[in-house]
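Open the structure in your viewer and keep the selection tool at hand. The tour goes from pockets to a sheet and then to the nonpolar cores.

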Amino acid sequence: MVNKFVSSGARLAGNKLISCEEITNTGYVFNASLEDIKIAGDQSNLSGVTHSILHGFNYNPEEAEFPGWIRYGTYFNERNTWWPYFNKWADYKARLSYLFQNAELVSDIAVMHPLADMWRKYGPQRDPFPRLNYPDYQHNVWEAIHQNGNGCDYVSEKIIQEASFNEGMLRFGDRSYKAIILLEVDSIEPDTARALAKYAESGGKIIFIDRAPHQAPGLQNKARNDRQVNQSVQRLLNQFSESTGIYPAPGNEKLIDWYRGIQSGYDLSPDIMFDESSAYVSQLHYRSGEKDIYFFANYSNHIVYSSKVTFKRSDNRVPWLWDPETGDRYRYPLENSPNELQLRLAPAETKLIVFDEPAEAEEWSIPEINPSKTELLSGPWELTLDHVDGTSRSVKMESLKGFDTDPDLQSFAGAAIYKKKFEVHDPEQFTFLDLGTVKGISEVSINGNTRGSHWYGQHLYETGNSLEPGENEITIKVTTVLGNYVKSLTDNEVAQRWTGGQELNKTGLIGPVKLIR
């Protein structure tokens, strides 16, 4: 609830290092997966954060009984099952942090909240845990703006009063905005009302949500101040009706659709236009020297997003894909104009698209996900269970299912290794192995050839040259979270305090596992 306020204030003060406490966890400590951590961290970055601080986890002496001393925080601990993979998220996050700390965030819309009215009606709220939101969509407006291709900062009356206005832009320091939206604001200071009038005179766009301000805050000289506010605001509405107006508050429609109406009605043309917008997909636009950097994030853990994206650009730079997991850079594939790209985001996936000078480099290929040929790898599966408690056993699984559905397996936590032999007549018929639903981190090898790992999103592997005519063997390693095992420790006070009241978590390889072309 406070990240966007803080990140906006930091940037208006000229700061690029913007920190937040992240991934603190008070109820899902042992069930948080690296995918959950990535999604939450991506949302921090989307709110403008450039420096994430992991807070609230404990160091434990070796003699402390498993799981150790726990206060608050996700279980960042070498005893966690996914600890060997933690560096994958840490490297990803570090690359994004470095990039965002050394670039300027581009925002073109200013948003003012009715904080004075909230204090007058309800009193100040205790952030980051407010008792109420005023208005009730208060903390979601910035998301709708970014989901529709614009960018925004939250501003205060002080910012408006001290800003300069020219050619339709509100400027404060190195920040500039082509429009300001006031969210159900009743009260503003007379100096703010006069500053808004100057902004309108310069060609700026002012959108009042639900109603226009009609009074001043406070009781000192109230009659005079109310009259001054009303005079300035009414002049705004009467003289600048083409660029200034009152827009209805959101009703039953989704906020993303509501803002799109504002965008269209006031011609707030964005830097980025999505053919298909989504309440689970958002973006940021940064600029570093001559480079334009676009960060796209899908924060659904199950929806695949695909859309054509159009960039408002007029120079000769070309798009590149920068991979924040590896640091590799590729030329982004073009179908028509370099300003019209096909964007595909798997669940929990992010992409950095950077417009830079053209150069010779490998082109990134977009895999075709609609299979023309499919072969299901059905059971039985040979399964080795390497438990986090140090035990190991082997079982046969006739068909894939989540461990939580089997009383004999539901308390398992650790590395589950699935093996299966299968026949392939023509290896060239298949280009990918799709694991379907995986609740954990997966690693795959085919005939002893490692095909990589996935710690979030779609668990889709290129088969490469690993398949052979005739018999093949696949090995799938799935590392699960700890939660169900910790819940099973009924005599462990620490374990029960954190998991006793939780439901069993879905874990394991659920599938279906398919070879696809």
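Select Asp323, Glu325, Glu349, Trp364 and His454: of the 36 residues that line the largest pocket, these lie nearest its centre. A pocket is found on a 1 Å grid over the protein atoms alone, as an open set of points where a 1.4 Å probe fits, with protein on both sides within 12 Å along at least five of seven lines; lining residues have an atom within 4 Å of a point. This is a predicted model, in which local features need pLDDT of at least 70 and side-chain atom pairs count only at pLDDT 80 or more, while totals for chains, interfaces and linings use all residues. Residues are numbered from 1 along each chain as its sequence is written, and side-chain values use heavy atoms, with hydrogens and water left out.

The volume of the largest pocket is about 1200 Å³, counted as the space filled by probe spheres set on the grid points, which are joined across faces, edges and corners. Next select strand 27 (449–454), which gives the largest share of this lining, four residues. Strands (E, at least two residues) and helices (H or I, at least four) are DSSP runs, numbered from the N terminus.

Now move to the second largest pocket, with about 1000 Å³ of space. Select Met1, Asn3, Glu21, Glu22 and Ser44, the closest to its centre among 33 lining residues.

Two strands pair if DSSP finds at least two bridges between them. Select Leu321 and look across to Ile353 in strand 19, which stands opposite.

A nonpolar core is a set of buried (under 20% relative accessible area, 1.4 Å probe, protein chains only) Ala, Val, Leu, Ile, Met, Phe, Trp, Tyr and Cys residues joined through side-chain atoms within 4.5 Å. Which residues touch the most other members of the largest nonpolar core? Select Leu34, Ile109, Tyr259, Ile262 and Phe295, out of 52 residues. Helix 3 gives the most to this core, with six residues. A second, separate core has 29 residues, including Phe165 and Phe208.

Key: Buried < 20%, exposed > 50% of the residue type's maximum accessible area, 1.4 Å probe, protein only.
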